[in-house]
Amino acid sequence: MYTTAMKIVDLVRWMHADFRQRLDKMERIAKEGGVGEAAKVAHELSLVLQSLQAHEWLEEEVLYPYLRTRVPGFDAKAPEESAVGHRALQGKVSELKEALAHPDATLTLLFAAEIFIAFLREHMAAEEKGILDSADKRLPEPVQEKLAADALKILKEAGLPEEFLPR
Ligand SMILES: [Fe+2]
Ligand SMILES: [Fe+2]
């Protein structure tokens, strides 16, 4: 568990980097093992989905409300675009869950995973260039550290495994 101060923007970026590593791993397994490795892909996927839910909470319930209500003149479009991305991502997640529920339909799963991975990568890149960079410039460091510390405490208490959070 992270014990010293970390900014909320860096926490979001840390989680993005963690997702990228997990997505890379999933892609490697799918590419090298093909259909035979669908169970391993499904396992990696379940880890990503667990962390993704926490991540979207962090963005939509912690960071964006603060930006909207406490940072005068913050471009309201940026959090809106990110939230729209989350809704679309949920659609991909539903397709994935459906594929996961039919373990014999391995090709369907691998195909749905590929679409999900590409979508999540694009979503994270857009957030980094858009909302995260501007939030980092607009939010004072102590505010960012307080938001991150409070969020980490809540996530830990909610039972998010420590492997999904920075140490
Ligand atoms: Fe997001
Ligand atoms: Fe994100």
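Trainee: Which helices do the buried residues of H2 pack against?
Mentor: The buried residues of H2 pack against helix H1 (8–33), helix H3 (77–100), helix H4 (106–138) and helix H5 (141–157). Helices are DSSP runs of H or I with at least four residues, strands are runs of E with at least two, and both are numbered from the N terminus. Two residues are in contact if their C-beta atoms, placed from the backbone, lie within 7 Å.
This is a predicted model, in which local features need pLDDT of at least 70, side-chain atom pairs count only at pLDDT 80 or more, and totals for chains, interfaces and linings use all residues. Residues are numbered from 1 along each chain as its sequence is written, while chains are lettered from A and ligands numbered from 1 in the order in which they are written.

Trainee: What is the mean confidence of the prediction?
Mentor: pLDDT is the predictor's confidence in each residue, from 0 to 100. The protein averages 91, and 98% of the residues score at least 70. Among the elements, H5 has the highest mean pLDDT (96) and H3 the lowest (91).

Trainee: Why is Leu-165 called buried?
Mentor: A residue is buried if 20 or more other C-beta atoms lie within 10 Å of its own, exposed if 12 or fewer, and partly exposed in between, with C-beta atoms placed from the backbone. Leu-165 has 20 other C-beta atoms within 10 Å, so Leu-165 is buried. Leu-165 is found in the segment after H5, and its C-alpha lies 9.0 Å from that of Leu-155, 10 residues apart in sequence.

Trainee: How do you know that the span of H3 agrees with its number of residues?
Mentor: The expected span of a helix is 1.5 Å times one less than its number of residues. For the 24 residues of H3 this gives 34 Å, and the end C-alpha atoms are 34 Å apart, so the two agree. H2 (residues 38–70), with 33 residues, reaches 46 Å, close to the 48 Å expected.

Trainee: Where does H2 bend?
Mentor: H2 bends by about 35 degrees at Tyr-64, and Pro-65 follows within four residues. The bend at a residue is the angle between axes fitted to the seven residues ending there and the seven starting there.

Trainee: Which residues touch the most other members of the largest nonpolar core?
Mentor: A nonpolar core is a set of buried Ala, Val, Leu, Ile, Met, Phe, Trp, Tyr and Cys residues joined through C-beta atoms within 7 Å. Of the 39 residues in the largest one, Val-12, Met-26, Val-41 and Ala-113 touch the most other members. H1, H2, H3, H4 and H5 each supply at least two residues of this core, and the largest share, 11 residues, comes from H4.
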